[in-house]
Amino acid sequence: MLNLKHLSIICSILVVAIISMSACHCRVLQPNDLKLIEETCKRTPKPNLCLQLLKGDPRAPSADTASLALILVDVIKAKANEAEKTIKQLLKQGGNKKALSECAVDYKGILILDIPQATRAVRGDPKFADDAVSDCAVEADICENRFNGKSPLTHVNNGMRDVANVARAIIRTLL
């Protein structure tokens, strides 16, 4: 039989466990958290890609629409950085130097001009954010076309274009 001392210890352990669980930074998506993400992604040209990207970001459950757009701008930035690394590797391997060098300039422009503009404009004047992410898709297409159908960057360029078009659709809901 449990005495008062044992009962006191068990209660203390339970209290500590409850406090620890409430302080945990782990978060399970609740149906209400997902509603804005799902509704927003339905309005994009690639809803499954949108859902994958946003559900994978810990900021998304508590985000408003502008914040969802900013999460995708961050994805665009990551893709542009990835493209730059890939281009550098291909240049070292002796690929089409002219086309690759021009693509490097395209992606540098995305990082230096488009990403900062989109980031500033999402909560300011979303039209400028729309223009910036639209330019990201255009730059990816220009890079792709530099190779006349034999691009070693097709996967990278398509990924950039797809994410930019998803971000653009979300930004347009802010206009």
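1. From the N terminus on, the elements of this protein run α-α-α-α-α-α-α. The tally is 7 helices and 0 strands. The model is a predicted one, and the points below should be read with that in mind. Of the 175 residues, 40% count as buried. Among contacts between residues at least 6 apart in sequence, 68% join residues at least 24 apart.

2. On confidence, the average pLDDT of the protein is 88, and 82% of the residues score at least 70. Residues 14-29 have a pLDDT below 50, and beyond near neighbours in sequence this stretch has 6 contacts in the model. Where pLDDT is low, the predicted coordinates should not be read in detail.

3. Helix α4 covers residues 65-92, which is 28 residues. From its first C-alpha to its last α4 reaches 41 Å, close to the 40 Å expected at 1.5 Å a residue. Just after α4 comes Gly94, with a positive phi of about 85°. Leu70 is found in α4. Not counting residues up to four places away in sequence, Leu70 touches Thr119, Val122 and Arg123. Between Leu70 and Ala129 there are 9.7 Å in space, C-alpha to C-alpha, although the two are 59 residues apart in sequence.

4. Helix α3 (residues 47-55) has a buried set made up of Leu49, Cys50, Leu53 and Leu54. These residues cover an arc of only 120° around the axis, so they sit on the same side of α3. An α-helix has 3.6 residues a turn, so residues three or four places apart point the same way. On the other side of α3, Asn48 and Gln52 are exposed.

5. Which residues have the most contacts inside the largest nonpolar core? They are Leu54, Leu72, Ile76, Tyr107, Ile110, Leu153 and Met160, in a core of 47 residues. At least two residues of this core come from each of α2 (31-42), α3, α4, α5 (97-121), α6 (126-145) and α7 (154-172). The largest share, 12 residues, is supplied by α4.

6. Tyr107 can be followed through its partners. Leaving aside neighbours within four places in sequence, Tyr107 is in contact with Ala80, Ala83, Glu84, Ile87, Ala140, Cys143, Val156, Asn157 and Met160. Among these partners, Cys143 belongs to a disulfide with Cys103, while Val156, Asn157 and Met160 are buried residues of α7.

7. A search of the whole structure finds 2 disulfides. With the bonded cysteines numbered in sequence order, the pairing is 1-2, 3-4. One of the disulfides joins Cys41 to Cys50, at 2.1 Å from S to S. The torsion about the S-S bond of Cys41 and Cys50 is about -70°, so this disulfide is left-handed. Cys41 counts as buried because its relative accessibility is 1%. Cys50 is buried too, with a relative accessible area of 0%.

8. Cys103 and Cys143 form a disulfide as well, with their sulfur atoms 2.0 Å apart. This pair links distant parts of the chain, Cys103 being in helix α5 and Cys143 in helix α6, 40 residues apart. For Cys103 and Cys143 the torsion about the S-S bond is about 105°, so the disulfide is right-handed. Both Cys103 and Cys143 are buried. As for Cys136, a relative accessible area of 1% makes that residue buried.

9. Helix α7 has 19 residues and reaches 27 Å from its first C-alpha to its last, close to the 27 Å expected at 1.5 Å a residue. Its buried residues are Val156, Asn157, Gly159, Met160, Asp162, Val163, Ala164, Val166, Ala167, Ala169, Ile170 and Ile171. Asn157 and Asp162 deserve a look when the list is checked against the structure, as both are in this buried set.

10. Is Asn148 buried or exposed? Asn148 counts as exposed, because its relative accessibility is 70% and exposed means over 50%. Asn148 lies in the loop between α6 and α7. The phi of Asn148 is near 50°, a positive value in a residue other than glycine.

How values were computed: Residues are numbered from 1 along each chain as its sequence is written. This is a predicted model: local features need pLDDT of at least 70, side-chain atom pairs count only at pLDDT 80 or more; totals for chains, interfaces and linings use all residues. Side-chain values use heavy atoms; hydrogens and water are left out. Helices (H or I, at least four residues) and strands (E, at least two) are DSSP runs, numbered from the N terminus. The expected span of a helix is 1.5 Å times one less than its number of residues. Buried means under 20% relative accessible area, exposed over 50%, partly exposed in between (1.4 Å probe, protein chains only). The arc is that of the directions from the helix axis to the C-beta atoms. A nonpolar core is a set of buried Ala, Val, Leu, Ile, Met, Phe, Trp, Tyr and Cys residues joined through side-chain atoms within 4.5 Å. Contact means heavy atoms within 4.5 Å. A disulfide is a pair of cysteine sulfur atoms within 2.5 Å. pLDDT is the predictor's confidence in each residue, from 0 to 100.
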